[in-house]
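Subject: Handover of a structure and the findings on it

Dear colleague,

Please find the structure below, followed by an account of what was found in it.

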Amino acid sequence: MARARATAYRDLAEQFGTPLYVYEAEVLEETYRALRRALPEQVDVCYSLKANPNVSVCAFLHALGAGAEVSSYVELRTALRAGVAPEDIVFLGPGKDARDLAACLDAGIHAVVCESLDEVARLDRLTAERGGRPCSVMLRVNPAFQSRGAGLAMGGKPRQFGIDEETLQGAGSFLAGLPHVRLKGIHAYMGTRFLHHEDIVGNTGRILQMADRLAARLGIPLETVDFGGGLGIAYFDRDPDVDLAALGRGITENVERFTRRHPGCRLIMELGRYLTAMSGTYVVQVQYVKESMGELFAVANGGTNHHMAAVGVGSVLKRNFPIRHLTRSGDPAPRPYTVTGPLCTPDDVIAKRVPLPEVRPGDLLGVERSGAYGPTASPGLFLGHGFPAEVMTYRGEAHLVRQRDTDDDLLAKQRLVELHTLHRTGEVPGGGP
Ligand SMILES: Cc1ncc(COP(=O)(O)O)c(C=O)c1O
């Protein structure tokens, strides 16, 4: 993979300040193209904006050929603004409200992926009230089978996502009584952070078989099946990267078997982390280096407030993301540093006892493989630090793709209550009788 030189990060830090997220578009491009080459042609790739909802990241992936999977009103607007055609957008997620559903109808997206039978009925009513064309719906199924190897399982267990397979099997007449929705097919997403191709291929095969069974049982057409994905990234030592070639071969076998029975069916793989993680580096500047009871700390100006994933959420043991010294990379004598951020909590640790060349105040450190679930999946407002700037680099040029939050941005939404209005007597709290 193309990787920017440390000097490039130093220039970017000077130009845009720190903390800073840098997305290398060449890496996005290589990753997308490699995945595309591995997958059979019949499979459309939809980019899951939740991994990185930056409009420029979405637009770049779309320019390479990706559709979009969105899970909120703003993500839908982002995908449309990035130029994704409504026909290439699916909207899923629990808890969609009336505005979300209406926006899907207005935009005419490929399908609303319904997570419950009640949601299908609600869409049916909403479409009827508006007197428009029937709304395209896919049914998200929580399969009866479980899968192995997920970092976080989303299906095959009691979950708020999808309709239990068993429930759906008995829902044929209920669905037949909803004339304003057009059932297009089946969706299932088993989980995220799968690292072994066998597990992803196994999920794909079982989801396609389940879609086949359910469509026959419910008497619905199979125009589209979205079989999820959940491809992980080797963040930590000894983790393997997904074997793309083997993944491609396994998926192709399953897809060929399926398309013999359903030749015109559109197949979708939706994924976010795999497409964006490798392109991103979180750049922080060390403010202080100190020792506490024998442990060496590099205290930086950014931490888990922008990069919650680096704390190792869901892991029993703290494991480090790959981290690089961007100021003194050639130094031969590494020492173990615990890299922390500006928050007043001992959990604000982005790397624990990681061997680094000598770190001094002012130095830059880069947390790599950080292009997915970064700022937007982090408590960016904690202590009022706000969100960092985001920059996309391509062919030697840097483009600011998100402005850093300013102090005014952070303060502007707060309202100072007129304290005397809290008391009918007009007395100020604490003012005494
Ligand atoms: C339904 C669904 N689709 C897609 C994704 C994106 O997953 P990933 O970033 O692992 O590819 C998620 C992540 O939680 C999800 O829940």
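**A buried charge and its partner**

At a relative accessibility of 1%, Glu69 counts as buried, because the term covers residues under 20% relative accessible area, while exposed means over 50% and partly exposed in between (1.4 Å probe, protein chains only). Glu69 forms a salt bridge with Lys50, and the closest N and O atoms are 2.8 Å apart; a salt bridge is here a side-chain nitrogen of Lys or Arg within 4 Å of a carboxyl oxygen of Asp or Glu. This pair links distant parts of the chain, 19 residues apart: Glu69 is in strand 3 (residues 67–70), and Lys50 is in the loop between strand 2 (43–48) and helix 3 (55–64). Helices (H or I, at least four residues) and strands (E, at least two) are DSSP runs, numbered from the N terminus. Lys50 counts as partly exposed, at 31% relative accessibility.

**Basis of the values**

The model is predicted: local features need pLDDT of at least 70, side-chain atom pairs count only at pLDDT 80 or more, and totals for chains, interfaces and linings use all residues. Residues are numbered from 1 along each chain as its sequence is written, and side-chain values use heavy atoms, with hydrogens and water left out.

**Further salt bridges**

The structure holds 20 salt bridges. In one of them, Asp212 pairs with Arg261, with 2.6 Å between the closest N and O atoms. Asp212 is buried, with a relative accessible area of 16%, whereas Arg261 is exposed, with 57%.

Another salt bridge joins Asp239 and Arg319, the closest N and O atoms being 3.3 Å apart. Asp239 lies in the loop between strand 11 (224–229) and helix 10, and Arg319 in the loop between strand 14 (295–300) and strand 15 (323–325), so the parts tied together are 80 residues apart in sequence. Both are partly exposed: Asp239 has a relative accessible area of 21%, and Arg319 has 35%.

**Helix 9**

The 22 residues of helix 9 (residues 197–218) should span 32 Å at 1.5 Å a residue, and the end C-alpha atoms are 31 Å apart, which agrees. The expected span is 1.5 Å times one less than the number of residues. Just after helix 9, Gly219 takes a positive phi of about 70 degrees.

**The ligand**

There are 13 residues around the ligand, of which Tyr189, Thr192, Glu270, Gly272 and Tyr373 come nearest; a residue is near if one of its heavy atoms lies within 4 Å. A nitrogen atom of the ligand is 2.5 Å from an N or O atom in the side chain of Glu270. An oxygen atom of the ligand lies 2.8 Å from a polar backbone atom of Gly272, and an oxygen atom of the ligand is 2.8 Å from a polar backbone atom of Arg273. Taken alone, the ligand exposes 390 Å², and the protein buries 93% of that; these areas come from the Shrake-Rupley method with a 1.4 Å probe.

Key. A polar contact is a pair of N or O atoms within 3.5 Å; within protein, one must be able to donate a hydrogen and the other to accept it, and residues adjacent in sequence count only if both atoms are side-chain atoms.
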